[in-house]
Amino acid sequence: AEELRDTLLLLSGNLDFSPGGAHPFPAEATWTFTQHNPFAAVYDHSRRSVYLMVQRTRRHPFLALFDAGDPNASTPVRSQSTVPTQALYFLNDPFVHVQAKAMAARLIKAAPEDNARMDLAARELYGRPAGDSDRAVMQDFLTATAANLPGLTEPERSIELWAAWLRVLLGTNELLYVD
């Protein structure tokens, strides 16, 4: 879970390499927490996942979805699940949308045309150049998706198209699992 979150931030160019600091807890004088109203906060940031605040009473939503360790117990071995909600996360979650848009903007700036962008994306995501089948699927996807974005002008249109394509690539087994 932690490596996956860090990868998403790194690929988007949004990973903050600075060391973590104190979390912005509310002032102690304002605490009204009880057994039935426990403290529950998620302090998201762009630093590495090792700096995320982990609560014992409520797991971080991202870490829980991708099988992070139980904060209440020693976890020498983590279970590994593959469930539909993980795939849906890559298509629908605002965090992934932000990272995909940032990566799309970076790719569009770095490469002038779609095949060059696909090659750069494949190298960054998978550590290999894009193949002919990758390019064919990409072109089909971009063509079909472009029909659903009639009101956008450049560069917003290209960023939206590539962000949608990158959300698909970010959820692939080739990125998520090491063979």
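Me: Which residues form one aromatic cluster with Phe25?
Reply: Trp31, Phe33, Phe39 and Tyr43 form one cluster with Phe25. Note that this is a predicted model: local features need pLDDT of at least 70, side-chain atom pairs count only at pLDDT 80 or more, and totals for chains, interfaces and linings use all residues. Residues are numbered from 1 along each chain as its sequence is written, and side-chain values use heavy atoms, without hydrogens and water.

Me: How many aromatic pairs does the structure hold?
Reply: Eleven. Rings of Phe, Tyr and Trp (its six-membered ring) pair if their centres lie within 6.5 Å; planes under 30 degrees apart are stacked, over 60 edge-to-face, the rest tilted.

Me: What about Trp31 and Phe33: why is that pair tilted?
Reply: Their planes sit at 45 degrees, so the pair is tilted. The ring centres are 6.0 Å apart.

Me: How exposed is Trp31?
Reply: Trp31 is partly exposed, at 46% relative accessibility. Phe33 is partly exposed too, at 36%. Buried is under 20% relative accessible area, exposed over 50%, partly exposed in between (1.4 Å probe, protein chains only).

Me: New topic. Which residues touch the most other members of the largest nonpolar core?
Reply: Leu125, Trp162, Leu166, Leu169 and Leu170, out of 34 residues. Such a core is a set of buried Ala, Val, Leu, Ile, Met, Phe, Trp, Tyr and Cys residues joined through side-chain atoms within 4.5 Å.

Me: And what does Leu169 touch?
Reply: Met118, Ala121, Leu125, Tyr126 and Leu175, leaving out residues up to four places away in sequence. Contact means heavy atoms within 4.5 Å.
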